Amino acid sequence: MKKMKKFVALAAVASLAAATFAGCGKSEGNGSSNTGSDVWKIGSIGPTTGTAAIYGNAVKNGASIAVDEINKAGGINGYKIELSFEDDQADPELAANAYNALKDKGTQILLGTVTSGSCEAVVGLTAEDNMFQLTPSASAQSVIAGDNVFQVCFTDPNQGSTSAQYIGENKLATKVGIIYDSSDVYSTGVFEKFVEAAKSQDFEIVSTQSFTKDTKTDFSVQVQSCKDAGADLVFLPIYSTEASLILTEANSTGYKPIFFGCDGLDGILGVKNFNKELAEGVMLLTPFSADATDEKTVAFVKTYKELYNDVPNQFAADAYDGVYILKAAIEKAGLKPDASVADVNKALQKSITEITVDGLTGAGMKWEASGEVSKEPRAVVIKDGTYVSAK
């Protein structure tokens with residue numbers, strides 16, 4: 001039933017990827033040959049340069065910490081992990097090239113990609129190659145169209161509906177403005193579900209403003225529209241770089257609503273040349289809070305700070321959890337790294353639906369055959385330059 005349900009969407013994604021990236025190097029075979037490997041070769045793709053580098057570097061760092069911990073503890077079923085990371089600058093075409101580079105390195109499992117647009121470009125390729133794919137942070141529902149792809153993060157619809165519900169139930173606002181990126185699959189997906197879910201909540205959407213990747217440097221019109229409409233909360237289902245510009249613009253006009261976002265806003269405190277004081281009071285839904293006092297989070301944050309001189313965000317935590325999720329699924333399946341890519345894929349599709357993982361981003365995480373994860377989000381607010389749990 002699962003295959004029937006997802007066939008049409010998978011075909012569309014695969015066709016798009018094939019049409020767009022035919023000149024980027026077509027994969028050979030179906031990934032069913034024996035790897036002959038004595039290590040687990042896990043590949044990952046994300047932006048480590050460019051405007052979205054804060055997300056890719058966080059994923060790379062978080063995954064690296066998990067790999068080091070697992071290797072020091074004896075590996076997975078006695079075999080060490082070899083992690084390879086390729087930069088895609090959050091560009092779909094570069095993501096396809098990066099995937100082919102990882103294949104040349106003998107990658108057996110893909111932990112990625114980081115952003116939804118790039119992930120959409122790769123899922124058809126991993127499906128063609130029968131490679132198992134676990135994305136830490138690509139939240140678009142379209143990326144899990146194929147049977148081989150699963151998510152660590154929430155889907156966009158989940159984030160949109162949960163945000164509307166949280167704002168309504170906690171009576172954060174009576175009038176809400178929205179500023180979203182109509183050219184981005186992540187932003188559009190969250191926006192659409194938010195608007196739908198808001199109909200059952202006790203607040204009014206008074207201004208809906210959009211921008212595109214070609215117009216994301218000047219937000220004066222969007223901010224002024226929300227201000228003129230009397231929005232006491234502005235919902236930002238966007239990434240942190242654009243959000244920082246919006247907060248700067250709002251400050252210049254004396255506009256001080258509550259700004260509320262989702263996981264894309266995570267990382268705003270690290271945006272270059274941004275006045276962090278302007279983020280005071282910003283709220284977002286995220287599955288991870290670096291100020292949590294549980295033993296696992298405290299240890300992770302401590303290690304991350306020591307290695308990278310920075311506070312980890314949700315993307316780093318999702319990637320860290322992603323490696324441990326793969327470990328649990330591999331161990332459940334009883335796999336060894338000399339299994340073929342196709343056999344690993346087939347086994348992990350089954351075993352990941354049979355495990356429960358307590359991670360940094362959620363306790364008791366489980367997966368449906370659809371690829372979606374089940375876990376609870378947390379609301380945090382920025383106070384004194386750091387995230388604290390919202391009450």
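Reply: Start with overall size. The protein has 391 residues, and a compact globule of that length would have a radius of gyration near 21 Å; the protein has 20 Å, which agrees. The radius is taken over C-alpha atoms, and the globule rule is 2.2 Å times the number of residues to the power 0.38. This is a predicted model: local features need pLDDT of at least 70, side-chain atom pairs count only at pLDDT 80 or more, and totals for chains, interfaces and linings use all residues. Residues are numbered from 1 along each chain as its sequence is written, and side-chain values use heavy atoms, with hydrogens and water left out.

Me: Why does Ala290 count as buried?

Reply: Buried means under 20% relative accessible area, exposed means over 50%, and partly exposed is in between (1.4 Å probe, protein chains only). Ala290 has 19% relative accessibility, so it counts as buried. Ala290 sits in the loop between β10 (283-286) and α9 (295-308). Helices (H or I, at least four residues) and strands (E, at least two) are DSSP runs, numbered from the N terminus.

Me: What does Ala290 touch, leaving out residues up to four places away in sequence?

Reply: Thr297, Val301, Val311 and Pro312. A contact means heavy atoms within 4.5 Å.

Me: Why is Gln89 called partly exposed?

Reply: Gln89 has a relative accessible area of 46%, so it is partly exposed. Gln89 is in the loop between β2 and α3.

Me: And what makes Asn273 exposed?

Reply: Its relative accessibility is 77%, so Asn273 counts as exposed. Asn273 lies in the loop between β9 (258-261) and β10.

Me: What is there to note about phi in Gln89 and Asn273?

Reply: Phi of Gln89 is near 55°, a positive value in a residue other than glycine. Asn273 is not a glycine either, and its phi is about 65°. Most residues other than glycine have a negative phi, and most peptide bonds are trans. The bond from Gly112 to Thr113 is cis, with omega near 5°.

Me: Which side chain of opposite charge is nearest to Asp88?

Reply: Lys60, 12 Å away. Asp88 is buried and has no salt bridge. A salt bridge takes a side-chain nitrogen of Lys or Arg within 4 Å of a carboxyl oxygen of Asp or Glu. Lys and Arg count as positive, Asp and Glu as negative; His and the chain ends are not counted. Beyond four places in sequence, the residues that Asp88 touches include Ile45, Pro47 and Thr113.
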